[in-house]
Number of protein chains: 2
Amino acid sequence: MGEKIIIVGGVAGGATTAARLRRLDEKAEIIMFERGEYISFANCGLPYYIGGTIAERDKLLVQTVEGMSRKFHLDIRNLSEVIKINRERKTVEVKNLKTEEVYEESYDVLVLSPGASPIKPPIPGIETAESLFTLRNIPDTDKIKSFVDIKKPKKATVVGGGFIGIEMAENLWDLGIEVTLIEMSNQIMAPIDFEMASILHGHLREKGVNLILEDGVESFEQQGKIVKLTSGQFIETDMIILAIGVKPENQLAVSAGLSVGQRGGIQVNEHLQTEDPSIYAIGDAIEVKDYINGQSTQIPLAWPANRQGRLVADHINGIAVRYKGTLGSSIAKVFDMTVASTGNNEKTLKRLGIPYEVVHVHPGSHAGYYPGAFPISLKLIFERETGKIFGGQAVSYDGADKRIDVIATAIKGGLTIFDLPDLELAYAPPYSSAKDPVNMAGYAASNIAEGLVETVQWYEINEIVQKGGLLIDVREPIEREMGYIEGSINIPLGEIRDRLDELPKDQTIYLTCQVGLRGYLGARILSQNGFKVKNLDGGYKTYSSVYE
Amino acid sequence: MGEKIIIVGGVAGGATTAARLRRLDEKAEIIMFERGEYISFANCGLPYYIGGTIAERDKLLVQTVEGMSRKFHLDIRNLSEVIKINRERKTVEVKNLKTEEVYEESYDVLVLSPGASPIKPPIPGIETAESLFTLRNIPDTDKIKSFVDIKKPKKATVVGGGFIGIEMAENLWDLGIEVTLIEMSNQIMAPIDFEMASILHGHLREKGVNLILEDGVESFEQQGKIVKLTSGQFIETDMIILAIGVKPENQLAVSAGLSVGQRGGIQVNEHLQTEDPSIYAIGDAIEVKDYINGQSTQIPLAWPANRQGRLVADHINGIAVRYKGTLGSSIAKVFDMTVASTGNNEKTLKRLGIPYEVVHVHPGSHAGYYPGAFPISLKLIFERETGKIFGGQAVSYDGADKRIDVIATAIKGGLTIFDLPDLELAYAPPYSSAKDPVNMAGYAASNIAEGLVETVQWYEINEIVQKGGLLIDVREPIEREMGYIEGSINIPLGEIRDRLDELPKDQTIYLTCQVGLRGYLGARILSQNGFKVKNLDGGYKTYSSVYE
Ligand SMILES: Cc1cc2nc3c(=O)[nH]c(=O)nc-3n(C[C@H](O)[C@H](O)[C@H](O)COP(=O)(O)OP(=O)(O)OC[C@H]3O[C@@H](n4cnc5c(N)ncnc54)[C@H](O)[C@@H]3O)c2cc1C
Ligand SMILES: Cc1cc2nc3c(=O)[nH]c(=O)nc-3n(C[C@H](O)[C@H](O)[C@H](O)COP(=O)(O)OP(=O)(O)OC[C@H]3O[C@@H](n4cnc5c(N)ncnc54)[C@H](O)[C@@H]3O)c2cc1C
Ligand SMILES: CC(C)(COP(=O)(O)OP(=O)(O)OC[C@H]1O[C@@H](n2cnc3c(N)ncnc32)[C@H](O)[C@@H]1OP(=O)(O)O)[C@@H](O)C(=O)NCCC(=O)NCCS
Ligand SMILES: CC(C)(COP(=O)(O)OP(=O)(O)OC[C@H]1O[C@@H](n2cnc3c(N)ncnc32)[C@H](O)[C@@H]1OP(=O)(O)O)[C@@H](O)C(=O)NCCC(=O)NCCS
């Protein structure tokens with residue numbers, strides 16, 4: 001073809017586009033501009049280099065300018081900022097940041113992968129706070145790393161409980177620093193729902209992180225030595241990490257008259273073209289279609305950037321590919337635990353007014369009799385009538401990643417909750433159970449959809465009991481010593497068939513147990529004996545992650 | 001309904017059926033007969049209890065007769081062997097093994113889940129070999145365990161390189177016993193192909209296991225103190241584990257005139273009914289339909305037994321379910337490595353004359369810059385035209401289980417190799433890469449199917465070179481110091497564009513590198529420059545697992 005293609009941004013999306021473009025076309029002229037010094041670096045590894053888990057800085061540099069230029073025969077220009085797009089003339093203006101020289105470069109096709117930048121709101125004192133950092137690239141990382149190495153801070157405050165905030169909290173803690181984590185919402189990790197995040201809240205606190213929820217930064221005082229919160233609380237700190245989210249780098253696009261969405265993401269069609277068909281945009285800078293609900297959204301993650309880069313290169317080369325939307329599969333290590341999710345959460349579905357059902361199960365990460373198994377708190381959200389899977393969430397010390405990947409794959413395969421029991425997953429005791437946790441979630445969800453059992457959720461049960469509802473805890477008495485729901489009475493499952501005459505037929509009986517399984521067994525016994533019965537979904541384990 | 005249901009066999013399939021039957025119908029009369037003392041035990045944990053990884057024997061007993069009877073209101077009769085089915089009268093004859101009493105019990109529905117028994121061929125000396133064991137149940141386990149505890153054998157011989165043989169080899173080795181593993185075929189782990197098994201052969205030998213392939217037991221001499229092999233070799237041993245496979249427990253079915261397949265599995269329809277619609281059969285005892293190729297086969301694993309038990313209970317209760325066949329997803333821990341697979345292997349497809357393509361990739365279990373990543377040797381087998389996935393195989397120190405589960409799910413979702421790059425799997429550095437290994441396998445497979453690259457396989461390249469083919473190794477010179485393919489010449493990838501004039505246009509050029517990636521890059525460069533070129537699939541890594 002021999003087209004001239006210009007790429008703006010030389011990391012996840014940009015570098016991927018360049019590599020695939022070259023594989024498809026030896027003759028194309030490909031210029032990749034990168035504002036920073038480094039291309040193709042491991043953004044996702046930055047927190048772990050700061051914390052020392054990744055020992056060598058070089059490991060963060062996946063490709064160098066020289067190496068990648070040679071391997072892929074590319075014209076890579078780092079320290080070169082694209083400052084303007086002239087759409088009519090099909091040129092960009094580029095500023096060489098070493099020489100300050102500005103020049104024009106023409107293109108046949110332009111690919112924008114400029115990423116996103118950390119949000120830095122005009123909080124009073126933010127400009128004068130001396131040890132306040134954001135984290136996006138290698139220079140940011142170098143700054144934080146040398147600060148912690150040289151200044152040896154004792155106390156750090158991380159503002160924002162998303163991926164990067166949590167990863168930074170963990171990595172600073174790894175360095176022996178006392179960490180305060182401040183999150184404005186009532187939970188960390190927005191992609192999951194409150195009761196699932198509550199497990200992580202407990203874990204962070206167990207580790208000694210000073211977790212402050214539902215509070216925001218009002219101001220930074222004394223050059224950032226004091227963080228003043230909306231609640232009035234003051235936090236003393238030696239350093240601050242601001243990690244409250246990112247905004248798309250959309251200035252180039254906006255000033256070229258290309259549309260952006262409400263939250264600033266560049267708008268593209270299913271071929272990832274902007275309104276100008278010669279200009280593609282990908283990665284953190286764009287708005288994508290939510291794979292589940294079809295709405296526009298922003299999902300600034302590495303998989304989408306890499307996938308989109310590959311697809312754009314194909315489309316430029318005349319291959320009829322399309323990007324099908326983003327599921328939002330994501331995962332984070334939170335100290336010793338893992339949290340992973342895919343698809344939509346309850347909050348999103350509620351906001352959109354989409355009716356859904358929920359099931360919580362807590363099966364072991366592998367066979368219980370084989371050492372090292374941990375329960376996985378696994379949540380499935382689905383449509384009752386069709387069984388369509390809206391999303392999955394998992395929190396565990398082990399095996400959460402695998403189950404969410406399986407659910408994400410099931411969603412992409414158009415499988416429903418009724419198909420999950422039929423997933424034939426590889427089983428031996430060190431890896432799973434004869435019914436894998438995903439099978440189990442499928443069974444439990446199917447039972448709800450098929451009307452075999454009715455459930456109530458953790459947030460409903462307290463009110464039910466307060467209003468005089470009858471809640472029977474079907475665990476053994478000894479289990480209740482570790483905690484139980486106020487107002488519940490105890491009839492162990494094994495006694496229920498013999499004690500039916502103690503139970504009322506004129507009101508709904510609510511059952512609870514440890515994880516929901518015995519409650520389900522009890523519910524089957526009672527409903528077949530003519531009682532009205534509902535089971536507390538997820539049992540005491542889900543309930544107590546919030547209320548204890 | 002109030003039907004009377006008799007179940008033969010009280011472990012994986014039988015106990016699952018009983019539990020679900022009761023959940024669906026409080027009124028049914030359910031009798032479960034088990035020949036042995038124990039029901040519902042963890043067959044799959046037995047080797048690990050012998051090796052000491054599972055410390056408590058009680059952990060193997062998932063349910064007790066008393067506990068399960070009470071929980072599910074069942075009539076469970078252990079030490080009770082069903083010795084005959086009277087189909088016309090709809091009764092079974094049962095022998096009480098404590099009293100030797102025989103009695104008849106009537107049924108409306110009969111469910112057979114009698115399992116399979118270890119194959120014990122009439123090898124000369126087998127009857128007089130004193131310390132020869134097979135492993136199927138708790139008494140077998142107790143025997144082996146007390147033998148190793150009391151007799152403290154120094155040398156053990158395991159005959160058979162399947163799951164149980166390998167697990168026993170590892171567990172005896174864990175006890176400090178010198179282990180010889182004898183396998184008649186040229187590879188262990190029949191579900192995977194030879195070059196994948198070769199990685200495991202290397203690992204076993206590294207661990208000090210005396211692995212003997214392509215040799216069989218001719219006789220046991222001196223009460224089993226000497227194992228004589230077909231090759232003439234003699235092995236001295238203090239104990240023998242015979243683990244050369246299982247045969248369906250089909251006597252009851254056969255003597256009742258029910259059909260069994262060629263290899264003895266009871267034949268059932270998609271509702272798991274035998275020819276007699278009142279008699280269901282499930283688990284290791286039956287023949288199933290291979291999910292990929294539709295042929296009859298036997299897959300004696302726990303997932304199918306559990307799944308079938310659940311489905312049979314549903315079908316008995318009038319729910320229109322069907323069993324869709326078995327994929328054969330399986331997994332084993334082999335010392336520090338994991339081997340997992342799903343679907344059909346090359347051997348099966350070849351035997352059936354089904355044309356297929358293969359791709360081998362070796363991506364890291366997670367981001368290379370985050371500690372603890374290991375390459376996963378991942379093989380995908382697919383149909384070129386449609387992209388249909390026939391099967392996947394993975395061997396690694398980490399992450400093999402997840403990728404095979406994802407592929408198994410993709411197969412069940414009807415996804416093709418072209419869909420694998422679109423799987424949006426959860427990524428953070430400790431768990432995966434921005435392109436997950438399954439994405440990567442999908443990309444590489446798609447490139448083959450779409451004609452972007454032609455490949456040759458590890459078993460073809462030696463002959464090609466011997467016949468004068470030109471093989472270029474595109475790795476760096478220093479990499480060749482660790483080994484290279486005889487007869488290959490070295491042109492590093494970075495130099496290839498500058499040295500095109502050294503290369504012939506009149507013959508096919510073969511490329512090789514470490515894992516296949518740079519060879520693919522080189523192939524793209526050469527083919528676009530008018531050369532005929534083929535890439536060695538899987539590179540030196542796949543090749544050397546066989547030839548070094
Ligand atoms: C600390 C951290 C941890 C992360 N962890 C994860 C994780 O675990 N999992 C995950 O999925 N994602 C993670 N991400 C997100 C992931 O890195 C991004 O989604 C991905 O890099 C986006 O790719 P991109 O190409 O859109 O942007 P980037 O990779 O950021 O690349 C954009 C590049 O464009 C350059 N640029 C911008 N404007 C111009 C211009 N005008 N001219 C020239 N160059 C320009 C920028 O300098 C930048 O280098 C993490 C991000 C960070 C910062
Ligand atoms: C050592 C070992 C390790 C294993 N590891 C794995 C693994 O890691 N992963 C995996 O997927 N699978 C594994 N398996 C296989 C798995 O255990 C079986 O596939 C599964 O148990 C089959 O279930 P089933 O109900 O068909 O047979 P079983 O679970 O064997 O139950 C059959 C029962 O029926 C009883 N019985 C037979 N005939 C009669 C009769 N006439 N009257 C009364 N009772 C009768 C038998 O005594 C037996 O207890 C392993 C098996 C063994 C032995
Ligand atoms: C590395 C980077 C430059 C992309 O380069 P890339 O060549 O597309 O990616 P990879 O090196 O992973 O190689 C993938 C290619 O090799 C092929 N491949 C991989 N293994 C193969 C094998 N064993 N045999 C044959 N081909 C193979 C794939 O098919 C793919 O080629 P295709 O796109 O033409 O199908 C870019 O992703 C990058 O800069 N990454 C770092 C930044 C980043 O992603 N940050 C966010 C996460 S931290
Ligand atoms: C344990 C055994 C008796 C089966 O009992 P089971 O009750 O069917 O299985 P489980 O205890 O796993 O429970 C599964 C049931 O609980 C439900 N369930 C699980 N977790 C739940 C939760 N949190 N909330 C509500 N329901 C839940 C499932 O939906 C399923 O019910 P369903 O079949 O009616 O849909 C049987 O599998 C067995 O004997 N296993 C040991 C032998 C064996 O399998 N060996 C081979 C492997 S080592």
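**Ligand sites and a helix pair**

Author: Start at ligand 2: one of its nitrogen atoms lies 3.0 Å from a backbone N or O atom of Arg35(B). Keep in mind that this is a predicted model.

Reader: Which backbone atom sits 2.9 Å from a nitrogen atom of ligand 2?
Author: A polar one of Val82(B). There is a side-chain contact too: an N or O atom in the side chain of Asn43(B) is 3.1 Å from an oxygen atom of ligand 2.

Reader: How much of ligand 2 does the protein bury?
Author: It buries 95% of the 990 Å² that ligand 2 exposes when taken alone.

Reader: Which residues come nearest to ligand 2?
Author: There are 30 residues around ligand 2, and the nearest are Gly13(B), Glu34(B), Ser113(B), Arg136(B) and Asp284(B).

Reader: Why is the ligand 2 site called shared?
Author: Because residues from chains A and B surround ligand 2.

Reader: Which element gives the most to that shell around ligand 2?
Author: β4(B), with 3 residues. In chain B, α1, β4 (80–86) and α8 each supply at least two residues. By class, the shell around ligand 2 has 18 nonpolar, 7 polar and 5 charged residues.

Reader: OK, ligand 3. Where does it lie?
Author: Between chains A and B. It has 32 residues around it, and the closest are Arg20(A), Arg23(A), Ser40(A), Arg310(A) and Tyr520(B).

Reader: What does Ser40(A) do there, in terms of distance?
Author: A polar side-chain atom of Ser40(A) lies 2.6 Å from an oxygen atom of ligand 3. Asn306(A) also has a polar side-chain atom by an oxygen atom of ligand 3, at 3.1 Å.

Reader: Which elements give two or more residues to its shell?
Author: From chain A, α1 (12–24), α3 (65–72) and α8 (302–316). From chain B, β23 (357–361), α11 (437–449) and α15 (517–528). α1(A) gives the most, with 6 residues. The shell around ligand 3 has 20 nonpolar, 8 polar and 4 charged residues.

Reader: Now ligand 4. Which residues come nearest?
Author: Tyr520(A), Arg20(B), Arg23(B), Ser40(B) and Arg310(B), out of 32 residues around ligand 4. Residues from chains A and B surround ligand 4, so this site is shared between chains.

Reader: What are the distances for Tyr520(A) and Ser40(B)?
Author: Tyr520(A) has a polar side-chain atom 2.5 Å from an oxygen atom of ligand 4. For Ser40(B), a polar side-chain atom lies 2.6 Å from an oxygen atom of ligand 4. The protein buries 91% of the 970 Å² that ligand 4 exposes when taken alone.

Reader: Which element gives the most to the ligand 4 shell?
Author: α1(B), with 6 residues. That shell divides into 20 nonpolar, 8 polar and 4 charged residues.

Reader: Switching topic. At what angle do α6 and α16 of chain A pack?
Author: About 65 degrees, with their axes 8 Å apart. Helix α6 covers residues 194–206, and helix α16 covers residues 539–547. That angle makes α6(A) roughly perpendicular to α16(A).

Reader: Left-handed or right-handed crossing?
Author: The crossing of α6(A) and α16(A) is left-handed.

Terms used:
Residues numbered from 1 in each chain as written. Chains lettered and ligands numbered in written order. Predicted model: local features only at pLDDT ≥ 70, side-chain atom pairs only at ≥ 80, totals over all residues. Heavy atoms only, no water. Near = heavy atom within 4 Å. Polar contact = N/O pair within 3.5 Å; in protein donor to acceptor, adjacent residues only side chain to side chain. Helix = DSSP H or I, 4+ residues; strand = E, 2+ residues; numbered from the N terminus. Nonpolar A, V, L, I, M, F, W, Y, C, P; charged D, E, K, R; others polar. Axes fitted to C-alpha atoms, helices over the stretch in contact; angles between N-to-C directions. Parallel < 35°, antiparallel > 145°, perpendicular 65-115°, else oblique. Left-handed = near helix turned anticlockwise from the far one by under 90°. Areas by Shrake-Rupley, 256 points an atom, 1.4 Å probe, with all protein chains shown as cover.
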